[in-house]
Amino acid sequence: MNDNRGNWKSSMGFVLATAGSAIGVGNLWRFPYLMGENGGFWFLLCYLAIIILLGVPVMLGEITIGRYTQKSPVEAYSKIQKGSGFIGVIAVFAPFLLMTYYGIVGGWALRYMFAFIFHGAGVDFVSLVGGSLAAGAWQPVLWTFLFVGLTWFICIFGTSGIEKASKVMMPLFFVVLMLVVIRSVTLPGAGEGLKFMFANSEGFTIRTIPMALGQAFFSMSLASGVLITFGSYLKKDAKMPKTAMTIAGLDTLAAVLAGMAIFPAVFAMGGSPGEGTGLAFTTLPATFEHMPMGRVIGAAFFLLLSMAALTSSISLTEACCSFTIDTLKWKRKTSVTGLCVAFCLLSIPNSMSLAEGTVFSGNNFLGTGKSIFQLMDYITGNILLPVSGLLMCIFIGWFWKPKSAIDEIESTPGYVFKQKAAWSWIIKFLAPILILIVLIFPFIEFIPIFNKYLLK
């Protein structure tokens, strides 16, 4: 094995690192606002069903490809079947593009955290932070650079650095998250928030299903090259189906707890759960500002968001790094440094597209009706990740064949994969159909008959 690549020292290190990849901004920012916009409890039910039917099987498929080949995504597909490396190219390009704006959100989280820690009671945190992030061109860029710098510092040490960081950050993440949950659910009026999460029967439409599907891909790092990369560092003694279920369970637990931390507080303070993308960065700071112990809870929440963003950022960078090491034959230090410099430079137009009065400002980049930031998010989440996932399922189901993947899964000494028949059927048929729904839904929802009879 290439010394620049490394391997996990333990199965627990792999689980925590991969769970750290899955548990990110998608859990603490994206999951709550999508849940708020799409029916609360019904969105949660759809999400849980999709995790079981799609998330775990696809995750297992990617990890299996990685462990079997011991290669990065491009080399892994090419090793199994010549000419299929283009699937890996898509899988690697997705996290690269994602990192050009993911670091911006991580920088926001750091800025909010420091605002809550270092400014005294009575300060208008929303104006203080929101104003500097929206109106200032360079301040958010500098916070992005700091965030990417933290990512560089961990990734430069390879799997050893990632494993050590994950073993510290993931347990700390859940401890702090539980403290925030306890404070949130004990607020007067918090019961309405829990009712919205676990008993709400309004707001469900057909749109809820593809939204939950897309969130599962985003949240679990599916089809982003991360799982193939991390699987390639895995030893043969790991029971991969059990590992995939553990990771999915931790990711889902984090998402549910994030909802329990956010919605009771929002309802208790008279806020609205349907605030969309502004829920974490506008509604919550205002909520914390007027909450008893709000300064402490606000600092804790944005510490959580910073850690979640960092663990995901590490994995996304590592997925890109494995490509430069395996395919381009770069040394690790050159790979990590070069990639992080590229992320920083490319984040500048993304970040400044959200500011006022810069050359990159505006919501109609290249006539798309979106800012540069929004366009990068759309291309990654709505096109690259679903296409990569669809091609991966077709590759395993119809070219490599499920039996070959099952042989690798059962190569773990003494392990029998009891769900092999169901997994084969899901990978060949169900998963591709569900992923196609995610891909075509943005188009069919604009067809009048669908809007009239299915989406209302």
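Helices here are DSSP runs of at least four residues, numbered from the N terminus. The model is predicted.

A search of the whole structure returned four cavities of 30 Å³ or more. The largest cavity has a volume of about 140 Å³. Two or more lining residues of the largest cavity come from each of helix H1 (11–22), helix H2 (25–37), helix H5 (85–118), helix H10 (208–219), helix H14 (294–326) and helix H16 (372–400). Its lining comprises 20 residues, with Leu 98, Tyr 102, Phe 218, Ser 221 and Leu 316 nearest the centre. By class, the lining of the largest cavity divides into 10 nonpolar and 10 polar residues, with no charged residue.

The second largest cavity holds about 50 Å³ of space. H2, H5 and H16 each provide at least two of the lining residues, and H5 contributes the most, with three. Seven residues of this lining are nonpolar, one is charged and none is polar.

Among the open sites, the second largest pocket has a volume of about 280 Å³. It is lined by 15 residues, and those closest to its centre are Ile 52, Val 56, Pro 57, Met 245 and Gln 419. Helix H3 (41–69), helix H12 (240–268) and helix H18 (420–444) are the elements that give two or more residues to this lining. The lining of the second largest pocket has 12 nonpolar and three polar residues, and no charged ones.

H12 also packs against H8 and H9. The axes of helix H8 (residues 158–185) and H12 lie 8 Å apart at an angle of about 30 degrees. Angles under 35 degrees count as roughly parallel, and H8 and H12 are therefore roughly parallel to each other. The crossing of H8 past H12 is left-handed. Residues in this contact include Phe 173, Phe 174 and Leu 177 of H8 and Leu 250, Leu 253 and Ala 254 of H12. By class, the contact of H8 with H12 has 17 nonpolar residues, one polar residue and no charged residues.

The axes of helix H9 (residues 191–198) and H12 come within 7 Å and cross at roughly 135 degrees; H9 and H12 are therefore oblique to each other. This crossing is right-handed. Glu 192, Gly 193, Leu 194, Phe 196, Met 197 and Phe 198 of H9 meet Val 256, Gly 259, Met 260, Phe 263, Pro 264 and Phe 267 of H12. The contact of H9 with H12 has nine nonpolar, two polar and one charged residues.

Key
Residues are numbered from 1 along each chain as its sequence is written. This is a predicted model: local features need pLDDT of at least 70, side-chain atom pairs count only at pLDDT 80 or more; totals for chains, interfaces and linings use all residues. Side-chain values use heavy atoms; hydrogens and water are left out. On a 1 Å grid over the protein atoms alone, a cavity is a set of points where a 1.4 Å probe fits but cannot get out, and a pocket is an open set with protein on both sides within 12 Å along at least five of seven lines; lining residues have an atom within 4 Å of a point. Grid points are joined across faces, edges and corners, and a volume is the space filled by probe spheres set on the points. Ala, Val, Leu, Ile, Met, Phe, Trp, Tyr, Cys and Pro count as nonpolar, Asp, Glu, Lys and Arg as charged, and the others, Gly among them, as polar. Axes are lines fitted to C-alpha atoms, for helices over the stretch in contact, and angles run from 0 to 180 degrees between N-to-C directions. Angles under 35 degrees count as roughly parallel, over 145 as roughly antiparallel, 65 to 115 as roughly perpendicular and the rest as oblique. A crossing is left-handed if the near helix is turned anticlockwise from the far one by less than a right angle, and right-handed if clockwise. Contact means heavy atoms within 4.5 Å.
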